[in-house]
Amino acid sequence: MNVRRLIPTTAVAGAVVLGLTALSACSTSDAASDGGSGSNGDQLKVTASFYPMQFLAERIGGEHVAVTSLTKPGVEPHDLELTPRQIGSISEADYVLYLKGIQPAVDDAILQSGVKNTVDAATLTTLENHGAEVSGHDHGHEGEEEHGHEDEHGHEEHSEGDGHNHGEEGGADPHIWLDPVKYAEVAKGVGKSLEKADPDHAADYKKNTEALVGELDKLNTAYETGLKNTATKTFITTHSAFGYLAERYGLTQQGIAGIDPEAEPTPARIQELHTIAEKEKATTVFFETLASDKTAKTLAKDTGLKTDVLDPLEGITKKSQGADYIEVMESNLAALQKALGAK
């Protein structure tokens, strides 16, 4: 993650004090105005760092939670800077759900918050190192029942020579929500943690978790089936957020930049992508709605390729191809099928 985004701990500590002072004059509805729903006294006050965490909290928590997202719709979450009020609101939460490594400002603020029920989604599954290039394997999904359930073994077997590019922009890739199987693992962990945080409603949290995991299993099956037979396995994207998805379904992600959506590609990388596009018969350069599409369109023009949207689902806006996580992931599947020449 880009070092320039890191906020010094001392600054965060000071902001926490300011936030708490400001919060003393604010109601819960004020905190909710920063991106979440309101609350009544009977609901668990949940703070989610950004949309993928918000979706889990809302779907699993149901009527028993009031969820406030720290990242407003349309804000690129990697660049989020918290207001003093938002920092203060974290300390007032009953439960905080975040994903360490995506938003340094949030990571620091949560560390200072002192909230008892704090859950880092990254600890609920296995993270990997991904660079701009990620080559998936043919996992042999036919008859392989493990996928869609626990996946504690699958990604620990890879070695440095397995087609991954662990370049300098590599490191622990946090984009686990774009793999429905990993996201389901996280959902299960979130469900269990909510049961512990609010045992009076444990049965409902368990039921909601099972329902959501069922939807994610169906989504995984749709991806497996829809991407099984394609003319090419290579797709090019500006933001290298799809490493886990590529591995899951036997595809190869070629990122223009690394996992930081604002990182500038080198001239050598651009030239390399020209060669890759021709060799692998890539048809499309994907860009996203929350970051600039300039580089993608320039590359597409130079190589004669098409452009399309592949949404990393870091937020839902009016431009999103769907109203929630499931719908946007279905739109992403359709875009990939078209670009890869699914048969």
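**A covered helix and its sheet**

In this predicted model, helix α3 is mostly covered, since nine of its eleven residues are buried. Those buried residues are Y51, P52, M53, Q54, F55, L56, A57, I60 and G61, where buried means that under 20% of the relative accessible area remains. Just after α3 comes G62, which takes a positive phi of about 60°.

What do the buried residues of α3 pack against? Their partners include strands as well as helices: on the one hand β1, β2 and β3, and on the other α6 (residues 180-197), α7 (202-226) and α11 (325-340).

The strands in that list belong to an open sheet of four strands, whose order is β2-β1-β3-β4 and whose pairing is parallel. At its edges lie β2, covering residues 65-69, and β4, covering residues 118-120, each of which pairs on one side only. From one strand to the next, the twist averages 20°. Helix α3, spanning residues 51-61, packs on this sheet and touches β1 (44-48), β2 and β3, while its direction makes about 175° with that of β2.

Conventions: Residues are numbered from 1 along each chain as its sequence is written. This is a predicted model: local features need pLDDT of at least 70, side-chain atom pairs count only at pLDDT 80 or more; totals for chains, interfaces and linings use all residues. Side-chain values use heavy atoms; hydrogens and water are left out. Two strands pair if DSSP finds at least two bridges between them. Helices (H or I, at least four residues) and strands (E, at least two) are DSSP runs, numbered from the N terminus. Axes are lines fitted to C-alpha atoms, for helices over the stretch in contact, and angles run from 0 to 180 degrees between N-to-C directions. Contact means heavy atoms within 4.5 Å. Buried means under 20% relative accessible area, exposed over 50%, partly exposed in between (1.4 Å probe, protein chains only).
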